[in-house]
Amino acid sequence: MKPKNLLLITVLLGSALVLLSGGSNASNFSWMEWTTMHLLWVIIPEEFFFRLFFFQTLDYEYSGTVPAARWLVLNALYFCLFHILAGASVENILTVFPGLLLAWTYYKTRDFPLVCCLHLVLNVIHIRILSAFPLFFGP
């Protein structure tokens with residue numbers, strides 16, 4: 001399946017899940033509903049853009065001319081900027097660190113499903129578990 005078709009399918013399925021569920025607040029869903037919706041609506045499109053598109057473009061345009069570390073940091077900064085634009089907060093500023101881990105993992109393995117799973121695990125830890133502690137992550 002072509003990457004463009006995969007992205008379109010995930011956006012359509014994710015949109016349908018959000019519309020049918022009546023919202024996107026994590027507390028409105030069971031773990032399975034939230035995980036499925038989050039994977040389809042958030043993680044796959046983000047990873048498609050920040051890993052597949054970003055790295056394929058760099059490989060095509062700049063293969064071997066720029067150190068990999070520079071691209072990994074740039075990718076993590078773009079990932080962080082995207083999250084800051086979605087809502088400026090300390091948590092969103094800190095996405096530069098998981099962004100760096102995700103970029104490095106994709107760079108080393110070129111395994112899109114692995115990076116999506118890692119992203120899902122990081123988001124489950126952050127959104128579903130750590131958000132239960134408002135002292136550290138707000139109400």
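Predicted model: local features only at pLDDT ≥ 70, side-chain atom pairs only at ≥ 80, totals over all residues.
View 1. Residues are numbered from 1 along each chain as its sequence is written, and side-chain values use heavy atoms, with hydrogens and water left out. Of the 139 residues, 33% count as buried; that term means under 20% relative accessible area, with exposed meaning over 50% and partly exposed in between (1.4 Å probe, protein chains only). The chain exposes about 8800 Å², and carbon and sulfur atoms supply 72% of that area. Accessible areas come from the Shrake-Rupley method with a 1.4 Å probe, and for residues only the protein chains shown count as cover. As for contacts (heavy atoms within 4.5 Å), take those between residues at least 6 apart in sequence: 61% of them join residues at least 24 apart.

**View 2. Glu47 and Arg51 form a salt bridge.** Searching the whole structure turns up 1 salt bridge, where the term means a side-chain nitrogen of Lys or Arg within 4 Å of a carboxyl oxygen of Asp or Glu. In this pair, the closest N and O atoms are 2.7 Å apart. Side chains of opposite charge can pair when their charged atoms come close. Both residues belong to helix α2 (residues 31–62), and because they are 4 residues apart there, about one helical turn separates them. The two side chains also make a polar contact at 2.7 Å. That label calls for a pair of N or O atoms within 3.5 Å; within protein, one must be able to donate a hydrogen and the other to accept it, and residues adjacent in sequence count only if both atoms are side-chain atoms.

View 3. Glu47 is buried, at 0% relative accessibility. Arg51 is buried too, with a relative accessible area of 0%.

**View 4. Thr35 sits in helix α2.** Its relative accessible area is 19%, so Thr35 counts as buried. Look across to Val124: this residue is 89 residues away along the chain, yet the C-alpha atoms of Thr35 and Val124 are separated by 7.9 Å.

**View 5. How many disulfides does the chain have?** The count is 0, a disulfide being a pair of cysteine sulfur atoms within 2.5 Å. Cys116 is in no disulfide, and the nearest cysteine sulfur, belonging to Cys117, is 7.0 Å away. Cys116 is buried, with a relative accessible area of 6%. Another buried cysteine is Cys80, at 8%.

**View 6. Val73, Leu77 and Leu100 make a nonpolar patch on the surface.** Together they have about 240 Å² of accessible area. Patches are made of residues with over 30% relative accessible area and no salt bridge, joining like charges within 9 Å and nonpolar side chains (Val, Leu, Ile, Met, Phe, Trp, Tyr) within 5 Å. Val73 is found in helix α3 (residues 68–86). With a relative accessible area of 42%, Val73 is partly exposed.

Note on methods:
Helix = DSSP H or I, 4+ residues; strand = E, 2+ residues; numbered from the N terminus.
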